[in-house]
Every structure is written in C-alpha cells, then in structure tokens.
Amino acid sequence: MRLSLGRAFHAGLALGTVLLSGFQARASDQTLIQRGAYLARAADCVACHTKPGGVAFAGGYGIKSPLGVIYSSNITPSRAYGIGGWSEAAFAAALREGRSADGHRLYPAMPYDSYAGMSDDDIHALYAYMTTRIAPVDKAVEPMTALRFPYNWRSLMRLWNWLYLDHKRFAPGPDETPLQARGRYLVENVVHCGTCHTPRNFMMASKAGHKLEGATLGGWYAPDIAAGENGPLASWRDDEIMTYLDNGHVRDKAVAAGPMGEAVEHSLRYLTHDDLAAIASFLREHKRSARAGQPVGAVSATARLYAVDSASDRETRDLARQERDADPAPYADRRNYRDIAGGAALYVAACASCHQLDGAGTPDDFYPSLRLSRTVRAQRPDNLVMTIMAGVNRQGADRTAHMPAFRHDLTDRQILALVRFVTRHLAGTDTTLTEAEVARLRTLDTEDFPAQSLPPGSAALNEKSANQTRTP
Ligand code: HEC
Ligand code: HEC
Ligand code: HEC
C-alpha cells in the first residue's frame, strides 16, 4: 500500500504537481527505513539470522551453546514461517522480552537481554524496515532447534527472565555527556559488545557487575575492554579505538581476528563516524568493577619496550642457522617444513615473508608488526595460538586482510616453538604456553567456527547485502 502510494506521488511530481506534504511523508519514510536497515546491521540481526550462504534474514544460523545447538529463526515477513502479520507490539516483545508472537519463549541465544533497553523509536524503525523491505522467504528453518531435556522445555525461560532479564529501557545517566550516553546505548543495547566481552555464568547469563571484563569464546579470548590500567584503552587514543572497530587493525597495536574480525566485517564497519566516536567515548568512561582482579588479557609486564634494532633480521637468521646446523635433515626439502622443530627456522619458513625477518612487518602496515602487537604480548597466549591456527580473514572498512590458516600445516609442538620464538625474540616478552595448552586450543578451533562459537554475535552473510553503504 505504502509503496504504491509512493509511486503515485512520484508520478504526480513528474507531472509538475506540487504535493509538498506528500513528498515530505515519503522522505521521512525513507529516513525511517534507512535507519532500520542501519540498525539491522549494527545490532547484528542480519548477521545472526542468516546462515552461511543462505538468504538474508531467513534464519538457520547455528549457535553452539552448552545446552545444544540453537538455530536462529526466519524473520523475513513470511506469513507462514516468519514475522509476516506480526504487529509492532509482538515484534517488540520478541526483541525485548524474548516472547514469540504465539507466546513461546525464546532462548537467550537471541540477545533480548541486550535489546530490552532498546528505544521505541529504534524498534519502530527496525519494524518498518523488516516488514516492508525484505522479501518473504516461505520456508521453515532447517534444522530445528532440539535441545536436551530439560532445556527443550521453553517455559524454563520464564524463570531465566525472572532471574536475569532487566526490563528497564535505556535512560541517560545524570553524569553522562550526550556522547557517552549514546555510546553506552550502542554498546549495551544495540551493538551488544557484551555478548562476547562480558563473562557468563553457567546459565548463559551475563555476570552482573563484570560488564566488558573479558570472556572466552571457544578458543578465542575477547579481552577486558573496560577502562583500566592494563586494558587496551589505557594506551589507545579514541581515534585508534574507532579505527580498530572500523578497519579491524591499528598500527603497532592490534588486529581483529576470529570473532572480532566477524564483528568488524558484518557490523562495526557499517557504523557512522559519530557512532564510533560515541562508543570510544563511553568505553573510556566505563570503569572495571572494584572486585575484578588483574585483567587476564593484560599485556605482559616483562615486555621490554625495545629499541628498533633489538630484534634484527640478522638475529633471526643467526638463530635459524643455529637450529638448522643442529638438525639439518628436515631442510633437505625446502618447501616442506613439517619436520622442522626450531622456532626461528619455522618463523623464517612460514611467517617472515609477510611479517619480515625482524618481525616489524611492512612499512605500509599491510603485513603488521608482531613486536608491539597486543596479541603477541598478552599474558594469555590464546589469541596468538588461535591466529596462527585459524589465520585472519576479514573485510574491514578500508581493506581486506588475509593471513593463511596454519592449522593443517603445523603440529602442536611446532606452534609452541613458533610462539616461543615470536614472543621471546621478536617482542621481548615471555610465555608460559605449553604443548598441552596448544592441543586443548586445537580442540576448540573449528574451520566453521562461526557455528561453533558461543555466542557468535555475527555470521557469514551473502555479499550482495554486504555492499550497502552506511546511513544512520
Ligand atoms: C546472536 C544471534 C542473534 C542476534 C544478534 C539476533 N537474533 Fe533474533 N534470534 C536468534 C535466535 C537463535 C532465535 C531463535 C531463538 C529460539 O529458538 O528460542 C531468534 C529469534 C528471533 C525472533 C523470534 C522469531 C519467532 O518466530 O519466534 C525475532 C522476531 C528475532 N529473533 C528478531 C531479531 C532482530 C530484529 C534482531 C536484531 C535487532 C535479532 N533478532 C538479533 C538469534 C539472534
Ligand atoms: C563476536 C564477538 C565479539 C563482539 C560482538 C565484539 N568483540 Fe571485541 N573482541 C572479540 C575478540 C575474540 C577479540 C580478540 C581478537 C583478536 O585478538 O584478534 C576482541 C578484541 C577487541 C578489542 C582489542 C582488545 C585488545 O586488548 O587488543 C577491542 C578494543 C574490542 N574488541 C572492542 C569491542 C567493542 C567496543 C565491541 C562492540 C562495539 C566489540 N569489541 C564487539 C570478540 C568480540
Ligand atoms: C601471507 C602473509 C602472511 C603470512 C605468511 C603470515 N601472516 Fe600473520 N598476518 C598477516 C596479515 C595480513 C595479518 C592481519 C593484518 C590486518 O589485520 O590488517 C596478520 C596478522 C597476524 C597476527 C595478529 C597480530 C595482532 O596484532 O593481533 C599474528 C600474531 C600473526 N599474523 C602471526 C603470524 C605467524 C606466527 C605466522 C607464521 C606462522 C604468520 N603470521 C604468517 C599475514 C601473514
């Protein structure tokens, strides 16, 4: 109805009839729809409700949870299988209270505990966009979610909601600047960074009082991003936080790999400059809880802030030569580093072509420096091991980043040797990593990790819809 009216107005204008009020209605409709489309990306609706290679919003994306795999719903406006025919109130109840239109309870894999605080205006914009701009997909989601008893008993979620769901709508705090308030709203109620960065209890609920203080996602570790002495925010400028969220890399600081790379690719790179600034401003103010101890993602205190020449090409070559002289056999076949045991020799064979012999990366930062990288210097070696196993595959706002995955090429022992070389000789830190720990992380590494990580927050998305520009 709305569409055909719009077309009629358009025709009227073409005939030279000035229908000013009608024209304005159309323009504001357009703004509303654009806002809804923006929110669907920012809040990850599209990423989480699209299965890899599937139609956008048609559901079927699997989220592995301790209770079993939970598949996202078809939320296209299909009357039989989606949200076609849902009132805006029913849509709002699903988003904020985890209640489907037929009354059944949703599992908290749908982050309604975050969206509970979402504003009426934003829900309205999302509803307008989702019900008018998306083609209905008349197909049931496959496979169906089938959790173990007693979790298959959805009414249990009433109890969950009673225990954990905060029904409060977002409201700015008395001491907050408008920018910080906007940032908090985005972080907590829209972009829901806490889905990954806030630790959870055994019931999958965020741990109260530990917002953004760091959590594991499969083998990855989403570090503490609350403002604290050792957090990334202590040494990052606001524009660096913004660049990290937008592009997925900040020179000499960090790279977004794994789930964070997904968040950048599917959601964060579409955020406007103003929204990125708001997030940075809020994060700077968000203090860690007094109860929390040393953040485990902290950078090692033993890191020497080395002079540029402390790890040189020469040092790497000498170490690699010593290793080879001690055990020459594996080097007979130059393309095969399967049997090489030494960390320096492995680094020369597998990493130096991109990250350079001295670990300083390339001058244009296309291949990043490993010397000051937070991933390399972090006290927890998880993300360094996971990056070597899984590589980097990310589309940021500025460019595509690709590092090959070495999971099939390197053994646990080789990865350990590499990590020791990279941390000790390139970054001047130490590592407590053991071979058993590499083996444990390997069991958590999966090639299709989006379907495995809990909770994902984002998923593969078909390229066509990924090419939209940002509009608030
Ligand atoms: C982290 C993944 C995730 C994100 C992000 C997410 N959803 Fe969901 N959503 C789910 C899952 C999983 C279900 C099904 C839960 C169940 O079966 O209990 C679901 C269910 C729903 C339902 C209920 C459908 C029905 O038929 O009952 C609606 C509506 C919905 N989501 C809309 C949205 C919107 C709108 C957004 C963005 C604001 C969004 N979702 C973001 C995972 C997600
Ligand atoms: C899908 C899960 C996920 C979501 C959503 C997510 N993050 Fe992350 N984040 C991670 C992981 C995992 C890492 C570690 C990545 C790495 O080292 O390659 C990370 C790293 C970071 C870092 C770098 C920290 C450091 O010490 O190097 C910052 C800053 C950050 N995230 C901020 C945010 C903000 C702000 C949001 C919301 C706007 C957000 N993240 C949303 C999973 C996530
Ligand atoms: C083909 C080139 C290439 C090779 C070979 C390569 N890398 Fe990378 N590496 C990259 C790229 C590209 C990035 C991400 C850059 C970005 O995100 O902008 C990266 C990122 C990383 C990071 C993340 C840095 C951070 O700050 O979080 C680590 C750690 C890393 N590589 C280690 C290694 C190790 C160890 C090896 C050898 C086993 C290796 N890389 C081999 C290209 C490569």
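Analyst: This is a predicted model. β6 (254–255), α16 (352–355), α18 (382–390), β7 (392–395) and β8 (400–403) each supply at least two residues of the shell around ligand 3.

User: What makes ligand 3 lie between domain 2 and domain 3?

Analyst: Both domain 2 (178–285) and domain 3 (313–379 + 408–444) give residues to its shell, so ligand 3 lies between them.

User: Which residues come nearest to ligand 3?

Analyst: There are 25 residues around ligand 3, and Cys-351, Cys-354, His-355, Thr-375 and Met-403 come nearest.

User: How do you know that His-355 makes a polar contact with a nitrogen atom of ligand 3?

Analyst: A polar side-chain atom of His-355 lies 2.8 Å from that nitrogen. The cut-off is within 3.5 Å, so the pair counts.

User: What about Thr-375 and Arg-399?

Analyst: An N or O atom in the Thr-375 side chain is 2.7 Å from an oxygen atom of ligand 3. For Arg-399, a polar side-chain atom lies 2.9 Å from a ligand 3 oxygen. With a limit of 3.5 Å, both pairs therefore qualify as polar contacts.

User: How do the shell residues divide by type?

Analyst: The shell around ligand 3 has 17 nonpolar residues, six polar and two charged. Cys counts as nonpolar under this scheme.

User: Why is Cys-48 called buried?

Analyst: Its relative accessibility is 12%. Buried means under 20%, so Cys-48 qualifies.

User: And why is Cys-196 called buried?

Analyst: Cys-196 has 16% relative accessibility. That is also under 20%, so the label is buried.

Methods
Residues are numbered from 1 along each chain as its sequence is written. Chains are lettered from A and ligands numbered from 1 in the order in which they are written. This is a predicted model: local features need pLDDT of at least 70, side-chain atom pairs count only at pLDDT 80 or more; totals for chains, interfaces and linings use all residues. Side-chain values use heavy atoms; hydrogens and water are left out. Buried means under 20% relative accessible area, exposed over 50%, partly exposed in between (1.4 Å probe, protein chains only). A residue is near a molecule or strand if one of its heavy atoms lies within 4 Å of it. A polar contact is a pair of N or O atoms within 3.5 Å; within protein, one must be able to donate a hydrogen and the other to accept it, and residues adjacent in sequence count only if both atoms are side-chain atoms. Helices (H or I, at least four residues) and strands (E, at least two) are DSSP runs, numbered from the N terminus. Domain bounds come from an automatic or database domain assignment.
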